[in-house]
Structure formats: C-alpha cells, structure tokens
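Subject: Structure handed over, with findings

Dear colleague,

Please find the sequence and structure below. A short account of the findings follows.

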Amino acid sequence: MAAQSSFPPGGTWFDSLKKSFVNVPVDSANGDAISTSDFLDAAESLTTLFDLLGSVAFKPVKNDMLGNVKKVRDRQLASPADSSNLQSLVLNELKTKQHTATEGLLWLTRGLDFTAQALRHNTSNPSDELSTSFRASYSSTLKPHHSFLVKPIFSAAMSATPYKKDFYAKLGVESDQAKVKEELGRWLACLEKQVGVLNQFLARKESKW
C-alpha cells in the first residue's frame, strides 16, 4: 500500500512523474531532435519504477542509470548553448575531443531500451512473469555490453522481480487496471520511439568517438 502513496487516490504511478516521455518534445522537422532537459527529467522519473520492483537488487540498475543522466546533464550545464537537444549535445561535445556525456547517453539509452523491451515483452505476453520478460530483455540489450563482473549484479536483479500481479497493482488502483494499461501503453510507445531515434543516431559515424 505504501507504494501507492506517491500519487493521488484514483491516480497511477504515471501521475507521480516529474516528466513523462509522453511530454518530451521530439522535433520531426529537425531530424527528430530530442529536448535534452525534458528527456533527462523523464529518464530520471523512470528510475522510480525500479523502486516499485521492491528489491535492493535493483539499486545498482537505478544508480547506473542516474549516473548516466548526470554525465549528460553535466555537459548540458557546462555548455547550454550547444545542448538544447541531445543530438546537438553529442556532436558539439565530440568536437572538443571529449566523450563523457556521449558515452553516458549511450549507456542511458541502453538502460532505457532494456526497461522498454522488458515491459513490452511483458505486456505482449500476458502469461509471462516479470522475471522472464526482464531476463529476455537483458540478454538482448545490456548483457552483450557488460563485463563478467557486472553481469551477476544485473542477473540478481532479474531474479528479484516481484510477481506480475503485485507489480501492476503498484502502478495504480488495482480495481482500475484498464487505466493502468492504457497509460502504460501510451508512455511505453513514446519511450520506445525516443530510444529508437537515439539508437539510430548513436550508431552513426559522426556520433562515434
């Protein structure tokens, strides 16, 4: 019950977010440029999802994501004129022969992709428990890039996921799961779109260091 205290009665976890991916501007007229401040706020807000998973095993996952948010934000604060959108931030940082924020964004995007794929798998496969969905997502997103020292930490988190019914109950009022699924679907679609834009951008030659 305590997990539901952060949002109003009748509301959902999505109402508690400082910024939702639904509200992150993506400028299709400017190469799908993604607003830096809004995206970072939305990514930071997403990390509270790991609190709902209810295990200390997810703390390293959350801290890793927040650490990468900080790397990108530090660059934005240091050079705000060149960092209004994520793509500009990366290209302008790389011109200085630095890549701390660019590498941070790469890892942040991987972490967001991991989360998005896990939730998409779970909503598309109603009979699967969260642990199955998170393991499948981890194998296809983060695992190929993790060292043998890091893999056990994340694998422990995958095994510590709660039962599916308990997790979805924490996202909103248990008696109104239709509302939860509708809001999750809208949020997830926007997250997936932005991750897709960034994956394509970061794979380009000019985004490498």
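**Aromatic residues**

Phenylalanine 50 has 2% relative accessibility and therefore counts as buried (under 20% relative accessible area, with exposed over 50% and partly exposed in between; 1.4 Å probe, protein chains only). The model is a predicted one: local features need pLDDT of at least 70 and side-chain atom pairs count only at pLDDT 80 or more, whereas totals for chains, interfaces and linings use all residues. Residues are numbered from 1 along each chain as its sequence is written, and side-chain values use heavy atoms, leaving out hydrogens and water.

Phenylalanine 58, at 1% relative accessibility, is likewise buried. Rings of Phe, Tyr and Trp (its six-membered ring) are paired if their centres lie within 6.5 Å, with planes under 30 degrees apart counted as stacked, over 60 as edge-to-face and the rest as tilted. By this rule there are ten aromatic pairs. One of them joins phenylalanine 50 and phenylalanine 58, which are stacked because their ring centres are 5.8 Å apart and their planes at 15 degrees. Ring pairs also link Trp13, Phe14, Phe21, Phe39 and Trp187 into a cluster.

Helices (H or I, at least four residues) and strands (E, at least two) are DSSP runs, numbered from the N terminus. Helix H1 (residues 36-46) is largely enclosed by the rest of the structure, because nine of its eleven residues are buried. Among these are Phe39, Leu40, Ala42 and Leu46. The buried residues of H1 pack against strand S2 (33-34), helix H2 (48-52), H3, helix H4 (86-95), H5 and helix H9 (177-202).

Valine 24 lies in the segment before strand S1 (26-27) and is buried, at 7% relative accessibility. Beyond its neighbours within four places in sequence, valine 24 is in contact (heavy atoms within 4.5 Å) with residues including Asp38, Phe39, Ala42 and Gln194. From valine 24 to threonine 36, twelve residues away in sequence, the C-alpha to C-alpha distance is 8.9 Å.

**A charge over a ring**

A charge sits over a ring if NZ of Lys or CZ of Arg is within 6 Å of the ring centre and within 35 degrees of the ring normal. The charged end of arginine 110 is placed in this way over the ring of tryptophan 107, 4.5 Å from its centre.

Yours sincerely
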